[in-house]
Amino acid sequence: MIKTIATKPYGDQKPGTSGLRKKVPVFQQENYAQNFIQSIFDSLEDFAGKTLVIGGDGRYFNREVIQIAIKMAAANGFGKVMVGKGGILSTPAASNLIRKYKAFGGIILSASHNPGGPTEDFGIKYNIGNGGPAPEKITDAIYARSRVIDSYKIVDAPEIDLDRVTTLTLDGMTVEIIDPVADYAELMEELFDFPAIRNLFSLGFHMVFDAMSAVTGPYAKEIIERRLGASEGTVRNFTPLPDFGGHHPDPNLVHAKELYDEMMSGGDAPDFGAASDGDGDRNLIIGRGIFVTPSDSLAVLAANAQLAPGYSKGIAGIARSMPTSMAADKVAEKRGIGIYETPTGWKFFGNLLDAGKVTICGEESAGTGSDHVREKDGLWAVLLWLNILAVRGESVEDIVTQHWATYGRNYYSRHDYEGVDSDAANGLMATLRDKLPSLSGTKIGDLTVETADDFAYHDPVDQSVSKNQGIRVLFEGGSRVVFRLSGTGTSGATLRVYIERYEPDANRHNLETQAALADLIAAAETLADIRARTGRDAPTVIT
Ligand code: VG1
Ligand code: CO
């Protein structure tokens with residue numbers, strides 16, 4: 001039976017970089033999740049009888065919201081929902097399902113790399129029929145709707161058993177509980193040379209993968225250990241836990257420090273270390289003795305993708321988010337293929353991928369992916385690396401060093417100041433913005449500002465314009481500093497400062513990154529007065 005329930009709008013349901021993210025207690029307010037889900041449905045057209053994919057990263061509150069979403073989908077007229085068993089679907093696996101089964105769209109429950117638990121983070125994201133995150137036109141409509149919503153529709157029914165693969169009917173709608181891993185694993189087998197990778201493992205190649213007690217555990221177990229024959233124990237922390245074991249499921253050098261230390265431990269270290277985040281779309285790549293920055297990883301993967309069967313015809317072009325280093329641009333220039341610079345967030349890659357302008361995309365925040373789905377894909381990146389390592393028969397360090405020798409090295413680092421007072425962070429950005437017109441030609445230490453602007457993106461496919469996407473200061477010689485505020489945080493503001501320096505000289509490719517960037521780090525402080533404005537002596541996280 002369909003019930004229409006009266007509700008009152010909340011004013012704060014504006015989706016950020018990747019969906020709506022709030023603390024769990026915020027989501028637990030009366031009808032909070034229901035309001036947002038109904039606002040999504042109210043912003044869509046012509047979905048009667050069609051299919052909706054539903055799943056999440058298994059974090060605290062996942063199961064409750066999945067029950068709500070299924071019952072609301074039935075009440076709103078969807079014909080079918082496909083739900084990952086146990087409520088589990090990694091973000092890239094959900095994207096694949098939407099595409100493969102030509103679903104109308106999908107609801108993904110995740111706050112990605114943010115911690116989980118009763119007082120931590122939760123999130124809801126809507127993906128469209130191409131499998132990718134809803135573009136701004138839709139997220140703006142959802143937000144507008146959420147501000148005036150006065151009722152939602154839900155089917156009155158008992159709890160649905162999510163833990164058995166089965167098909168049932170709910171008030172005329174089909175509910176398919178599916179194996180969350182099978183379709184995704186099949187896609188990976190199509191893209192990569194599994195026999196070559198199996199052979200690599202049989203020769204004693206030693207890998208460790210940290211699933212960070214998050215969603216990739218079951219995927220990595222099936223693919224890396226069962227299908228590729230890596231020894232049992234290769235995949236660690238493989239059981240998705242509602243609170244990720246109390247950790248941040250963020251595969252960076254701070255939150256995956258144990259893995260990093262192991263990989264840096266010398267001659268006995270594994271050949272290859274990797275990790276993925278809460279919802280499985282990010283990746284961390286570390287070779288024995290060498291951390292590969294996500295920006296470098298994007299460039300290396302783009303330069304070598306043709307070694308994997310799925311990309312044997314070559315790639316059409318590369319897209320990167322604006323703050324991502326320009327290492328990928330060097331590859332594109334040399335290959336004579338397109339290079340696109342988009343705002344932060346995967347939703348901006350969708351049009352370029354759909355139009356066939358690019359094959360591989362990446363972000364400095366550890367996101368890499370291709371046209372196989374419309375989300376970034378952590379395990380995909382790990383498997384492409386494995387495929388390249390298997391074919392080239394060289395170490396990660398050798399491959400990266402040779403890459404730098406060929407293209408030059410883009411020293412790169414991101415400094416995050418988390419949990420900063422919002423007014424202070426906004427003040428810092430506003431002051432910088434005001435300075436922009438007068439910056440060209442200014443000298444800071446030995447650096448001279450060439451240009452400075454507030455990045456605006458003109459989508460070449462649908463001509464939409466997105467403004468205020470980050471302040472970038474470009475120095476003579478190709479170095480740059482970028483400032484922007486995070487759109488995924490749930491308390492206060494996070495200031496991100498991105499720092500990059502290009503070094504063509506191979507004799508200078510062995511510097512310590514922070515040292516290589518020291519003059520630019522100092523220039524960022526001079527430009528933005530970070531210490532005084534944030535009250536912080538140092539960044540919270542350096543990646
Ligand atoms: C961050 C990253 C961005 C990424 C986004 C979602 O956004 O910088 O590159 O696409 O997270 O990633 P922001 O606005 O906080 O800088 V995930 O893995 O949290 O879906
Ligand atoms: Co993520």
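Helices (H or I, at least four residues) and strands (E, at least two) are DSSP runs, numbered from the N terminus. The phi of Phe61 is near 90 degrees, a positive value in a residue other than glycine. Most residues other than glycine have a negative phi. Phe61 is buried, because 23 other C-beta atoms lie within 10 Å. A residue counts as buried if 20 or more other C-beta atoms lie within 10 Å of its own, as exposed if 12 or fewer do, and as partly exposed in between, with C-beta atoms placed from the backbone.

Residues are numbered from 1 along each chain as its sequence is written, and chains are lettered from A and ligands numbered from 1 in the order in which they are written. As the model is predicted, local features need pLDDT of at least 70 and side-chain atom pairs count only at pLDDT 80 or more, while totals for chains, interfaces and linings use all residues.

## Helix α3

Helix α3 covers residues 62-75, and its 14 residues should span 20 Å at 1.5 Å a residue; the end C-alpha atoms are 20 Å apart, which agrees. The expected span is 1.5 Å times one less than the number of residues.

Of the 14 residues of α3, 10 are buried. Among them are Asn62, Val65, Ile66, Ala69 and Ile70, as well as Lys71. Just after the helix, Gly77 has a positive phi of about 100 degrees.

Strands pair if DSSP finds at least two bridges between them. Ile360 stands opposite Ser370 in β18. Ala366 has a phi near 80 degrees, a positive value in a residue other than glycine, and counts as buried because it has 26 C-beta neighbours inside 10 Å.

β17 also runs parallel to β15 (residues 317-321), joined by three bridges, with Ala319 opposite Cys361. In β17, Ile360 and Gly362 point one way and Cys361 and Glu363 the other way, and all are buried. In a regular strand the side chains alternate between the two faces of the sheet.

## The seven-stranded sheet

An open, antiparallel sheet has seven strands in the order β20-β21-β24-β25-β26-β19-β27. Its edge strands, β20 (443-444) and β27 (541-542), each pair on one side only. β19 (residues 409-420) pairs with β27 over two bridges, and His415 stands opposite Ile542 in β27.

## Around ligand 1

There are 18 residues around ligand 1, of which Thr17, Ser112, Ser486, Gly487 and Thr488 come nearest. A residue is near a molecule if its C-beta atom, placed from the backbone, lies within 6 Å of it. The shell has one nonpolar, 12 polar and five charged residues. Here Ala, Val, Leu, Ile, Met, Phe, Trp, Tyr, Cys and Pro count as nonpolar, Asp, Glu, Lys and Arg as charged, and the others, Gly among them, as polar.

## Confidence

The mean pLDDT of the chain is 96, and 100% of its residues reach 70 or more; pLDDT is the predictor's confidence in each residue, from 0 to 100. The predictor gives the complex an ipTM of 0.97 and a pTM of 0.95.
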